[in-house]
Amino acid sequence: MKKVFSLFYKNLFLTNRLFTGLGCCVVLFLLGFFFPWLGIIPDLAFWVLVSLAFADILLLYRTKNGVFAKRHAPDRLSNSDDNELGIYIENWYPFNISIGIIDEIPFQFQKRDIWFKTFLTPRQRKLINYVLRPIKRGEYNFGDIKVYVKSPIGLTRRRYNFNQAETLPVYPSFLQMRKYELMAISNHLTDIGVKKIRRLGHSLEFEQVKNYVQGDDYRTINWKATARHGSLMTNTYTDEKSQHVYCIIDKSRVMKMPFEGLSLLDYAINASLVLSSVALIKEDKAGLITVAEKIGSIVPAERRHSQLNKILEVLYKEKTRYLETNMELLYSTVRSVIKQRSLVVFFTNYESMSGLERQLPFLKRIAKFHLLLVVFFENTELKKLSEETAADVEGIYIKTIAEKFAYDKKLMVKELAKNNIQSILSSPQNLTINTINRYLEIKAKQRI
């Protein structure tokens, strides 16, 4: 009995309507002292209010399980993307109810406004959808769902606690990856900013002999097949396949810098995941190496169906380290792991020429054996400062320093080009688009 009473008062809440009624009763009692003609009206109003409150409690507690609620969530969340979740709610009361719902979302979101109001008729079901955008990979712990039910009388609320505790992993941006996959399969990558690259010359990968149609290159006419069929036939070629594409991700302290909530490491991880997906669709082999002061993970380049999931699982666990990148170790790893000429995309960041100069000797060695593409980040905050108009001496000083750092980034691109190393200087939000553009350009020009 004591346990039942404890559950009763812990889950019963008084509403503002009840407190308003009590306030009116107090006013009537006070007026009764000055206006005796009010008689029993204050007493009558008080007992009517008490009777309604007890009737309200009886309505809410007469049904043991008046509502049902459940969270609808995916098996995993996508980092830096809008993930849709839902709360399924069902009314088992024989009357209309007003509902307030609190979903205990993980603390990483730092949101305190996950409160939903709705109205349900008897036996009505409803799905309430909302969106969460995580900005860190890892495990996110969801708590219970609390439902506050109010009857048509509306003087009290009954709380229901639904045990919906669960842990959801947040993976690198697989929603973005799927979007690019669909675009690549349907050849609609240009719709989201990927450039259409004009082919130079012919690929060496022969595909088939087909009938000549107007617009075909006359240099591809197959004269022997034409003589046999009695009509013009042409050879068609396709992109070379089974080329190796390796993404090397620097996870040292230079990748810790945040931008719009995400670290540079997360931007690099998202871009490398999409690049690996597009490479596999183009029938190339995708591989992965992560590095800091020591080598992290190595995924040899393959073209199996499970390769993308393998890369996704590896990237899920990667975290920023706080030491310098061991370039000598990276060079020896590249030489031992990558056995044939490949496209090596190195995601890193440089904030000064001295940082680049320390790594340049090792980058030049890698470039002797592979097509090396160095991807580093534009400091968008400094770029904004350099474009602002200076209003005082301090502003002139800040603008000058910002322009110097922006100019250094451009010098880095020239220095890499001088040493026959391709590079991409990109803002974080455009990293994926720019990386895919360069990959497709390299494929079209047959550089690998």
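Visitor: How do you know which residues and atoms are meant here?
Guide: Residues are numbered from 1 along each chain as its sequence is written, and side-chain values use heavy atoms, with hydrogens and water left out. As this is a predicted model, local features need pLDDT of at least 70 and side-chain atom pairs count only at pLDDT 80 or more, while totals for chains, interfaces and linings use all residues.

Visitor: Why is the pair of Phe-68 and Tyr-88 called edge-to-face?
Guide: The ring centres of Phe-68 and Tyr-88 are 6.2 Å apart and their planes stand at 65 degrees, so the pair is edge-to-face. Phe-68 belongs to strand β2 (residues 67-72) and Tyr-88 to strand β4 (residues 83-91), so the pair ties together parts that are 20 residues apart in sequence; strands here are DSSP runs of E with at least two residues, helices are runs of H or I with at least four, and both are numbered from the N terminus. Ring pairs also link Phe-68 and Tyr-88 with Trp-92, Tyr-160 and Phe-162 into a cluster.

Visitor: Why does Phe-68 count as partly exposed?
Guide: Buried means under 20% relative accessible area, exposed over 50%, and partly exposed in between (1.4 Å probe, protein chains only). Phe-68 has 30% relative accessibility, and therefore counts as partly exposed.

Visitor: Why is Ser-80 called buried?
Guide: The relative accessible area of Ser-80 is 16%, so this residue is buried. Ser-80 lies in the loop between β3 (77-78) and β4, and, leaving aside its neighbours within four places in sequence, Ser-80 is in contact (heavy atoms within 4.5 Å) with Arg-133, Pro-134, Ser-173, Leu-262 and Asn-270.

Visitor: What makes Gln-110 count as exposed?
Guide: Gln-110 has 56% relative accessibility and therefore counts as exposed. Gln-110 is placed in the loop between β5 (97-103) and β6 (115-120), and has a positive phi of about 50 degrees although it is not a glycine.

Visitor: How do you know that the charged end of Arg-158 sits over the ring of Tyr-61?
Guide: A charge sits over a ring if NZ of Lys or CZ of Arg is within 6 Å of the ring centre and within 35 degrees of the ring normal. The charged end of Arg-158 sits over the ring of Tyr-61, 4.4 Å from its centre, and that of Arg-76 sits over the ring of Tyr-171, 5.2 Å from its centre.

Visitor: What makes a set of residues a nonpolar core, and which residues have the most contacts inside the largest one?
Guide: A nonpolar core is a set of buried Ala, Val, Leu, Ile, Met, Phe, Trp, Tyr and Cys residues joined through side-chain atoms within 4.5 Å. The largest has 45 residues, and those with the most contacts inside it are Ile-249, Leu-288, Leu-343, Phe-347 and Tyr-439. Helix α6 gives the most to this core, with 12 residues.

Conventions: Phe/Tyr/Trp six-rings, centres within 6.5 Å; stacked < 30°, edge-to-face > 60°.
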